[in-house]
Amino acid sequence: MYIILGIILGMLVPYLVRVVIGPSVWDRLLGLNLILSKTIMIIILFASIMGTTYLLDFAIIYALSGFVGTIFMALFLSQRNIQKGRGSK
């Protein structure tokens, strides 16, 4: 289990690079979404190691809030692009 946890933590490094130096805002949003999913995996794995179930509730809440946050950020960015005259093609 600890090896899997280390692998998942190692997978976060490229996503952090994408968030920091992403060529566009959409790439940064994608990187944040990938970090969110890996964090949920870490919480679930940690709950499995510790044998606790209340951490799974935190994982579900974190997943739902991250999903809603991603949707709202995408809507905000698309509306901002439409107002600036750079609508999607």
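Start by selecting Y54 and F58: both belong to helix 3, four residues apart, which is about one turn of the helix. The model on screen is a predicted one. In an α-helix there are 3.6 residues a turn, so residues three or four places apart point the same way.

A pair of aromatic rings is described by the distance of the centres and the angle of the planes. The count of aromatic pairs in this model comes to one. In that pair, the ring centres of Y54 and F58 are 6.1 Å apart and the planes meet at 85 degrees; planes over 60 degrees apart count as edge-to-face, so this pair is edge-to-face.

Next, select the whole of helix 3, residues 54-83. Its 30 residues, at 1.5 Å a residue, should span 44 Å, and the C-alpha atoms at its ends are 44 Å apart, so the two values agree.

Now colour the buried residues of helix 3: L55, A59, G66, T70, L77 and N81. What do these buried residues pack against? Their partner is helix 2.

Move on to helix 2, residues 25-50, and pick out L34, which lies in it.

From L34, draw a distance to Q83, C-alpha to C-alpha. The two are 49 residues apart in sequence and 28 Å apart in space.

For the last stop, go just past helix 3 and select G85, where phi is positive, at about 85 degrees.

Note on methods: Residues numbered from 1 in each chain as written. Predicted model: local features only at pLDDT ≥ 70, side-chain atom pairs only at ≥ 80, totals over all residues. Heavy atoms only, no water. Helix = DSSP H or I, 4+ residues; strand = E, 2+ residues; numbered from the N terminus. Expected span 1.5 Å × (residues − 1). Buried < 20%, exposed > 50% of the residue type's maximum accessible area, 1.4 Å probe, protein only. Contact = heavy atoms within 4.5 Å. Phe/Tyr/Trp six-rings, centres within 6.5 Å; stacked < 30°, edge-to-face > 60°.
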